[in-house]
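These are my notebook entries on a structure that is new to me. I set down what I looked up, entry by entry.

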Amino acid sequence: MTSNAETGRPSGKRSVGSVGDQSSLWLRLLMLSAAAAVAATAITCVIAAFMNGGQGALSAAFGSVLVMLFFGISLLIGHFVGRNNPSGAVGLFVATYFIKVIGFAVVLFVLGAPDWLHHRWFLIGAVVAVVFWQAAEIYGFSKARLQIYNDPAEQKDGPDVSA
């Protein structure tokens, strides 16, 4: 579908992405979300270390790393699959979501909780990572400029509307 709207002043500071762009939305989201989650995890680990020592800090970090790994796999799938088949990426997201949930559950049940794991800080670290990761991801999506229509530079076919 094309538009016959005249080009005007750009609406933002950045250009609209196109097929030939080297920058990937998914990789930008991965970096932004990971940075936010790591920063929040670092603060959480300091608080945990102050309250429960190294065991609390390590438990909070472990919970956060699992969450970041879980979400990071999805964004990497979006990057690699979305380049060639954007509509197929959504179906693959759903399929890998179930595989990840089952995989992480199997790992946690087979390995069990290590003796050093402080359950409360593990949960707090995981929740902090989820909240900050999702907030950064929402922010990143809100700032993304996605091209909806494939507007050609000049229209070859069709009526002349310049009169």
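I worked from a predicted model, in which local features need pLDDT of at least 70 and side-chain atom pairs count only at pLDDT 80 or more, while totals for chains, interfaces and linings use all residues. Residues are numbered from 1 along each chain as its sequence is written, and side-chain values use heavy atoms, with hydrogens and water left out.

Entry on glutamate 137.
I first asked which residues glutamate 137 touches, not counting residues up to four places away in sequence. I found Leu29, Ser33 and Leu75. Glutamate 137 lies in helix H3; I take helices as DSSP runs (H or I, at least four residues), numbered from the N terminus. I noted that glutamate 137 is buried yet has no salt bridge. Here buried means under 20% relative accessible area, exposed over 50% and partly exposed in between (1.4 Å probe, protein chains only). A salt bridge requires a side-chain nitrogen of Lys or Arg within 4 Å of a carboxyl oxygen of Asp or Glu. The nearest side chain of opposite charge is lysine 100, 9.1 Å away; Lys and Arg count as positive, Asp and Glu as negative, and His and the chain ends are not counted.

Entry on aromatic rings.
I paired rings of Phe, Tyr and Trp (its six-membered ring) if their centres lie within 6.5 Å; planes under 30 degrees apart count as stacked, over 60 as edge-to-face and the rest as tilted. By this rule I counted 7 aromatic pairs. One of them is tryptophan 26 with phenylalanine 141, edge-to-face at 6.0 Å centre to centre and 80° between the planes. Tryptophan 26 lies in helix H1 (residues 25-84) and phenylalanine 141 in helix H3 (residues 119-143), so this pair ties together parts 115 residues apart in sequence. Tryptophan 26 is partly exposed at 21% relative accessibility, and phenylalanine 141 is partly exposed at 36%.

I then looked up phenylalanine 70 and tyrosine 97, whose ring centres are 5.6 Å apart with planes at 80°, so the pair is edge-to-face. Phenylalanine 70 is buried at 14%, whereas tyrosine 97 is partly exposed at 42%. Ring pairs link Phe70, Phe71, Tyr97, Phe98 and Trp133 into a cluster.

Entry on helix H2.
I recorded Ala89, Thr96, Lys100 and Phe104 as buried in H2. The buried residues of H2 pack against H1.

How values were computed. Helix = DSSP H or I, 4+ residues; strand = E, 2+ residues; numbered from the N terminus. Contact = heavy atoms within 4.5 Å.
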